Amino acid sequence: MRFVDEYRDAELGQALAGEILAAVDPGRHYKVMEVCGGHTHSIYKYGVDDLLPANVELVHGPGCPVCVIPMGRVDDGIAIAHDERVILTCFGDMLRVPGSHQTLLEAKAGGADVRMVYSPLDALRIARENPEREVVFFAIGFETTAPSTALTLQRAKREGIRNFSCVCNHVTIVPPLRALLESPDLRLDGFLGPGHVCTVVGARPLRFIPADYGRPVVISGFEPLDILQSILMILRQLSAGRCEVENQYKRVVPDEGNLRALEVMAEVFELRPHFEWRGLGFISQSALRLSDAYADFDAEQRFSTPGVRVADPKACQCGEVLKGVIKPWECKVFGTGCTPEHAIGTCMVSPEGACAAYYNFGRYARQKEAV
Amino acid sequence: MSDAAPTPTRTRREERVLELIETARSKRPRFRDEHITLAHGAGGKATQTLIEGLLVPAFGGEALQQLGDAGRIPLGAQAPRLAMTSDSFVVSPLRFPGGSIGELAVNGTVNDLAMAGARASALTVSLILEEGLDADTLRAEVEAIAHAARDAGAEIVGGDTKVVQRGLADGMYICTTGVGTVDPRARLAPQQLRAGDRILVSGPIAEHGTAIMLARGQFDLDAEIASDTCCLWPAVDALLDAAGRELHCLRDATRGGVASVLNELARASHVGVLVREAEVPVRPVVAAASELLGIDPMYVANEGRLVAFVAPDAEDRALQALRAVAGCEQAAVIGEVTAEPPGMVLVATAFGGRRVMDQLVGDPLPRIC
């Protein structure tokens, strides 16, 4: 595939791996957080971490939009889906996220009309085709997916589609990063910046990381060569004593972001005073809700939902795993109360979460060390 | 900044946690779900829980415990070895590029027998028809069934028809059962993988599932991709001829794709599997569609591709024999069986890293066959 294979070239990968090896101080241990779940996915898919020296460790960050949704919000979605008038639509990976007693997939098996869509526009089409039903889009994601939800709502308003509404769970990337960085026991040396989010918001919103917290950031693309190059750029900043936001993903990310997308978002959304994150707790001004101009399309106002906060179990230590303070296996409930089949915390929910990865692949890691 | 490098040896506590996980995993899965979800039909973890946690314990039996594609019928030492299997088909849409439900219904059962080393000799066909089904559609599928059975050399010896009210079946469902004699050359079983065995696939993968996905028209994607549905007996016959007892196991990579087959067999034989991603044949157009849809071709269903495990000595003979069969010209060796880590499938990625290729969780696409 042209324009894709070029970024997956094994020889170039080996060359970059050599440069990384040359750039590290063998006496030092480096912890680099990839903020975005998309990076985590690529790292697993291509085995990127196999090309890194043992003293460069990647820590999976809070940027998986599916696994940060708290149980209470999933319960709200399920409650709406059980309304007989409703067709609940959502992205496929949302279907398996556990609420307090079931997932949307299980609600579907129990009779709820839950449908997977690839785009919010598909949800709007379903609303047009089923005028006698209420079509609800369960919106999730960071600034990456928020513009498409916003555009869909603009279109619904323009076309006067009254049987369409949206449960807005859109979140923003800066507040959880700040929450992580505020932690006194943080042990991270640098960050791979979220390329897709930055496509929308630009590079500027990440400047506080080097400025206020003294950690370098490299905004990274999602192909394996992008990731290796970004890691190299972070290591070079560290060894040169530099600390700034660099943009490895220049072919996609403009410094100022996508102004049109930001305009659309500003019209349709406003900041929530606070929002709960699975594993991280409440973070103020970290999520979006529909603005007053779009209140008619707000499913939270149209339907009654339990709106109950379901606390993460006390024993859950996802926050510390995310900060790199403890390893997954050091968590009190890891492998006993919390398993991929019955996940408690965010890190076990998604197969890309740090704990799920360790649970599934820990034996393999041991094998690798033996070799 | 960070602490000093962690010690390379694992602590006792970490070892204990890993052992705990291994113990939990090696136990027979228990079926504890409250409802059947589409994931139970997808060929991944949930399907395994349903089969090994509910069906096998209830039905017992030595033949079933083997978890082969077809069961052997115990008739006594002197009698010919018979194999029997059954398969049902609910694919949507009924017709798709490269085939239709009728053709699938025959090939699916014939292939399951072939994977046990048996050539299908007799089939029964049950039709569940929805009230209002167009008679021409039915005629076309009956013709497709007859044609596929003739091609496979199997006689249709019985069957059944039921009609249900409109809305209770999507046009038609088909269930077929097949019986065949196990070829005397065949010594195949899921427990027979040995470290060093070479893993062959009979052609480019992921074509059936991708063709169905595109035929549904949900994605506004247009591509020339046809289902690979075909009878696999000629390929099995050629492999048995070339490798005989050095052919250890066969599976057709249907629901859950090649990845699911490798995981099931790695577990059944307590061996590891190493796949070299760059060696796996995938047509560029299928690779491009998978890339766009965010789907891994290794998990996509095939209806005319088999995975064969042969002793290392027989690798070249088996590959040449397979490539001489019509439709298998692009057969390839994609990896090998390893002693460690037992029960796991590892992939050497084309990029130069490694990863675990786990069982499918959930359902990428229901009603694929």
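B:Asp87 has B:Thr176 in S7(B) as its bridge partner. The model is predicted: local features need pLDDT of at least 70, side-chain atom pairs count only at pLDDT 80 or more, and totals for chains, interfaces and linings use all residues. Residues are numbered from 1 along each chain as its sequence is written, and chains are lettered from A and ligands numbered from 1 in the order in which they are written.

**Strands of chain B**
- S2(B) and strand S7 (residues 172-182) of chain B pair antiparallel over eight bridges; pairing takes at least two DSSP bridges.
- Strands are DSSP runs (E, at least two residues) and helices are too (H or I, at least four), numbered from the N terminus.
- Strand S1 (residues 71-73) of chain B runs antiparallel to S2(B), with three bridges joining them.
- B:Arg72 has B:Ala83 as its bridge partner in S2(B).
- In a regular strand, side chains alternate between the two faces of the sheet.

**Sheet of chain A**
- Four strands make an open, parallel sheet in the order S4-S3-S5-S6 (chain A).
- Strand S4 (113-116) and strand S6 (164-170) of chain A are the edge strands, each pairing on one side only.
- Neighbouring strands are turned by 20° on average, direction ignored.
- Strand S3 (residues 86-90) and strand S5 (residues 134-141) of chain A run parallel, joined by four bridges.
- A:Val86 stands opposite A:Glu134 in S5(A).

**Helices on that sheet**
- Helix H3 (residues 71-81) of chain A lies across S3, S4, S5 and S6 of chain A, at about 140° to S3(A).
- Angles run from 0 to 180 degrees between N-to-C directions, with axes fitted to C-alpha atoms, for helices over the stretch in contact.
- Contact means C-beta atoms, placed from the backbone, within 7 Å.

Note on methods
Contact = placed C-beta atoms within 7 Å.
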